[in-house]
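Hi,

Here is the structure I said I would pass on. Have a look at it first, and then read my notes below.

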Amino acid sequence: MATNITMKWRGPKYSQNVHKAMVKAIERSSLKVHQNAQKLLSVSGSFPGEPSPPGEPPHKQTGHLRMSMSSEIASDKLSAKVGPRDMMKYGRVHEFGDKEQGLPARPFLGPAFQECLPVMQKWISEALKKAGTS
């Protein structure tokens, strides 16, 4: 008994669907990390000028670091950069610390990214599933 099986490859259409879905997921993800980093940079100390403990995001002093945050989608639209514009010098010092000056790290981007990671993974997974059914 012969069985006829018909297969239709939709490679180019699938690739287009994957790209479109991934662009949306990456845009959403970069915005989420951006917003979360700004939230972490919005916490003030108990008194004006109070620094945050080492290892925790910096306390808001002037708000310049928080206001300098930006997110930029790459030209291929499949990657993004989130952080202070031009990685303001003190943004880099807060994130990584400065051993020469004795300043401990007070990271805000790494924690913002880690907190958003589960939802970003979900969005990317959903994008791939959606692309396969479109």
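Before the notes, one definition: helices here are DSSP runs of H or I with at least four residues, numbered from the N terminus. Please also keep in mind that this is a predicted model.

With that numbering, Glu126 and Lys122 both sit in helix H4, four residues apart, or about one turn of the helix. Their side chains form a salt bridge, with 3.8 Å from N to O. Neither end is buried: Glu126 is partly exposed at 38% relative accessibility, and Lys122 is partly exposed too, at 46%.

How many salt bridges does a search of the whole structure find? The count is two. Glu115 comes out as partly exposed at 48% relative accessibility, and Lys39 as partly exposed at 47%. As a reminder, side chains of opposite charge can pair when their charged atoms come close.

Now for Asn36, which is also in helix H1. Is Asn36 buried or exposed? Its relative accessibility is 6%, so Asn36 counts as buried, the cut-off being under 20%. The Asn36 side chain reaches the backbone oxygen of Ala112 at 3.2 Å. Leaving out residues up to four places away in sequence, Asn36 touches Pro111, Ala112, Glu115 and Cys116.

Strands S1 (residues 69-73) and S2 (residues 80-84) run antiparallel and are joined by five bridges. Ser70 in this pairing stands opposite Gly83 of S2. Six residues lie between the strands, and Lys77 takes a positive phi there, near 65 degrees.

Finally, helix H3 (residues 89-96). Which of its residues are buried? They are Gly91, Val93 and Glu95. Gly97 follows H3 and has a positive phi as well, near 80 degrees.

Tell me what you make of it when you have had a look.

Cheers

Conventions: Residues numbered from 1 in each chain as written. Predicted model: local features only at pLDDT ≥ 70, side-chain atom pairs only at ≥ 80, totals over all residues. Heavy atoms only, no water. Salt bridge = Lys/Arg side-chain N within 4 Å of Asp/Glu carboxyl O. Buried < 20%, exposed > 50% of the residue type's maximum accessible area, 1.4 Å probe, protein only. Helix = DSSP H or I, 4+ residues; strand = E, 2+ residues; numbered from the N terminus. Pairing = 2+ DSSP bridges. Polar contact = N/O pair within 3.5 Å; in protein donor to acceptor, adjacent residues only side chain to side chain. Contact = heavy atoms within 4.5 Å.
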